[in-house]
Amino acid sequence: MSHPPTKLNEDDFRRWNASTFRKLYKLYYKALVIYALRILQDENEAEDTAQELFALMWERDTRFDNEVQLRAYLYRSIRNLCIKRLRHLKVVNGYANDCLNAPRETDGKDPNDQLEIEEVYRQLLLTVERMPQRQREVFEMHMDGMSNAEIAEAMRISAETVKVQKHRALRRLREQLGDGQFSLITIFIV
């Protein structure tokens, strides 16, 4: 009976294939979930965040020279993903609170105005969901209030790439929503 791996060896770093990735997952998944749980205080969110990290690593074919470099990357990345998730949850919860505390008809305001704003916001979220992954990530971080430099650092891309992705996202929103609704969504994204 073989024992579970305790660390990656030099051959693993040279090969870096599906077998190495499974070994990496077995070695670090639980520890990363626990680390994420300390930040997020929600087990499901922590598991989702750890799974997201491994999916990103697989998609990007992220490679390392040694285990020290790998561990530093894993813990820095899980921390950044947790912060991103917390910011996103803050925006979602803020919107939910805004909806709950929205003026009612008895406030003398037209409830149709509020419905129109909620519909525009719904369209915004649907359009953002349909964006290519990197563009969506950049735009969501922008909506969460991150600067171009912060987004570039978190995603490990250049600030110029961030600007290009934001520009493309805004162009896509304008095309999908039309000028009228696009001008209304600036309330949500500025």
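Okay, some housekeeping. Numbering runs from 1 along each chain as its sequence is written. The model is predicted, so to speak of local features we need pLDDT of at least 70, side-chain atom pairs count only at pLDDT 80 or more, totals for chains, interfaces and linings use all residues, and side-chain values use heavy atoms, leaving out hydrogens and water.

Let's start with Gln 135, which sits in helix α6, residues 133-143; helices here are DSSP runs of H or I, at least four residues, numbered from the N terminus. Buried or exposed? Gln 135 is buried, because its relative accessibility is 6%, and buried means under 20% relative accessible area, exposed over 50%, with a 1.4 Å probe and protein chains only.

What does Gln 135 touch, beyond neighbours within four places in sequence? Gln 165, Arg 168, Ala 169 and Arg 172, where contact means heavy atoms within 4.5 Å.

Skipping residues up to four places away, Gln 165 contacts Arg 134, Gln 135 and Val 138.

Last, two loop residues. Most residues other than glycine have a negative phi. Gln 41, in the loop between α2 (18-40) and α3 (43-60), has a positive phi near 60 degrees and is exposed at 63%. Arg 156, in the loop between α7 (148-155) and α8 (159-189), also has a positive phi near 60 degrees, and is exposed at 55%.
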